[in-house]
Every structure is written in C-alpha cells, then in structure tokens.
Amino acid sequence: MKKLIRILMMVFIGFAINACYYDAFPEDDYVPGDGDDGETELLSYQDDIEPLWVQCTGCHKEGGDAPNMLDDSYDNLLDGYVIPFDADASILYKSLLGIDGVELMPPGSGWPTSKSNLVRDWINQGALDN
Ligand code: HEC
C-alpha cells in the first residue's frame, strides 16, 4: 500500500512539474512570428551575431586594412562592409561565401551555411544594432 501511495505521489509531482513548464511565459526577447513557418525570428546583433566574430578577431583588429571587429564591431562593419537589407550586396556576407572577387573568410576554410545564413538574415532584417 505504501508503495502505491509513493507511486501516485510521483505521478502527481510529474504532472505538477509539467504544468509549470507549459505555463511558463515566453522569454523577454520573444518575438511573435506571423504564423508563417518559413519566418526567421528577429536576430539580435549582440546575442546572435557579435559572438561569431571570435573567429575573425585574431586578424580583424585595430590598425589593419580589413574591418576591425574587436571594438565597436557594429560601427566598423556598417562602415562600408554591410548594406542594410541587402546581404547579397554586402562585402561582409560575400566574404563568408568567397564570391564576387571578395576573399573567402576565414581565409582558407569558410563557415558552414548555418552560420553564414545568420549573418545574411541579420543583414536582410536591416542590420539592426540590437
Ligand atoms: C587569418 C587572418 C584572418 C581571419 C581569421 C579572418 N580574416 Fe578577414 N581578412 C583578412 C585579411 C588579411 C584581409 C584583407 C584581404 C585583402 O584586402 O585582400 C581580410 C579582409 C576581410 C574583409 C574585407 C574584404 C574586402 O574585399 O574588402 C572582410 C569583410 C573580412 N575579412 C571578413 C572576415 C570575417 C567575417 C572573418 C571571420 C569569419 C574573417 N574575416 C577572418 C584576414 C583574416
């Protein structure tokens, strides 16, 4: 009998935990989509894009002729390397694909599409400083 009570309690606790999970509020930065499954959520420069530059900052720092991605990376990139809403025309995105005469970055290896697509989507969403 004791065993049965214990099992019932565990099942009850399981349900209670699940209920909390489903009641949880969405994250603060949750952006509702328009219901279209193909919709990309709004990317954040600080959270989604800037951390990617760790693979670039070894070379792209103060004093080089390539974009400085260490300090004020946003301003540096918007200074000619990124054209808001137009990834295909942006040197930054071209460098990730190594197209249109722009050298492939990082040199020799490039990035998986999943990563370069993040940069593409961020630019096409307006290259926001968010
Ligand atoms: C090993 C060093 C190195 C790394 C790592 C590196 N770059 Fe570069 N990058 C360079 C050099 C050197 C140039 C200048 C090339 C030139 O002018 O021909 C350059 C140029 C560029 C340019 C300008 C291209 C142009 O035609 O004006 C962009 C944009 C760029 N890099 C983006 C990146 C990004 C994004 C990353 C990280 C994913 C990255 N780079 C990683 C060395 C590097």
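Residues are numbered from 1 along each chain as its sequence is written, and side-chain values use heavy atoms, with hydrogens and water left out. Because the model is predicted, local features need pLDDT of at least 70 and side-chain atom pairs count only at pLDDT 80 or more, while totals for chains, interfaces and linings use all residues.

Start with the metal. The iron atom of the ligand takes His-60 (through NE2) and Met-105 (through SD) as its protein donors, at 2.0 to 2.2 Å. Donors here are N, O and S atoms within 2.8 Å of the metal (3.2 Å for Na, K and Ca); water is not among the atoms, so sites may look incomplete. Angles subtended by the 6 donor atoms around the iron run from 81 to 177°, which makes the arrangement octahedral. For six donors, that label requires opposite donors to be over 155 degrees apart and all others between 65 and 115. For reference, ideal angles for six octahedral donors are 90 or 180 degrees.

His-60 sits in the loop between α2 (45-49) and α3 (73-78), and Met-105 in the loop between α4 (91-97) and α5 (113-124), so the pair ties together parts that are 45 residues apart in sequence. Helices are DSSP runs (H or I, at least four residues), numbered from the N terminus. His-60 is buried at 10% relative accessible area, whereas Met-105 is partly exposed at 23%. Buried means under 20%, exposed over 50% and partly exposed in between, with a 1.4 Å probe and protein chains only.

On to the cysteines. The disulfide count is 0, taking a disulfide as a pair of cysteine sulfur atoms within 2.5 Å. Cys-56 is buried at 13%, while Cys-59 is exposed at 64%.

Just after α5, Gly-126 has a positive phi of about 110°.

The largest nonpolar core has 19 residues, with Trp-53, Leu-92, Val-119 and Trp-122 making the most contacts inside it. Helices α2, α3, α4 and α5 each give two or more residues to this core. Such a core is a set of buried Ala, Val, Leu, Ile, Met, Phe, Trp, Tyr and Cys residues joined through side-chain atoms within 4.5 Å. Leaving aside neighbours within four places in sequence, Trp-53 is in contact (heavy atoms within 4.5 Å) with residues including Tyr-45, Ser-73, Leu-92 and Val-119.

Finally, the backbone. Most residues other than glycine have a negative phi, and most peptide bonds are trans. The Met-105 to Pro-106 peptide bond is cis, with omega near -10°. Asp-72, in the loop between α2 and α3, has a positive phi of about 50° and is exposed at 57%. Phe-85, in the loop between α3 and α4, has phi near 70° and is exposed at 59%.

Definitions and conventions: Four donors count as tetrahedral if all angles lie between 85 and 135 degrees; four count as square planar and six as octahedral if opposite donors are over 155 degrees apart and all others between 65 and 115; anything else is irregular.
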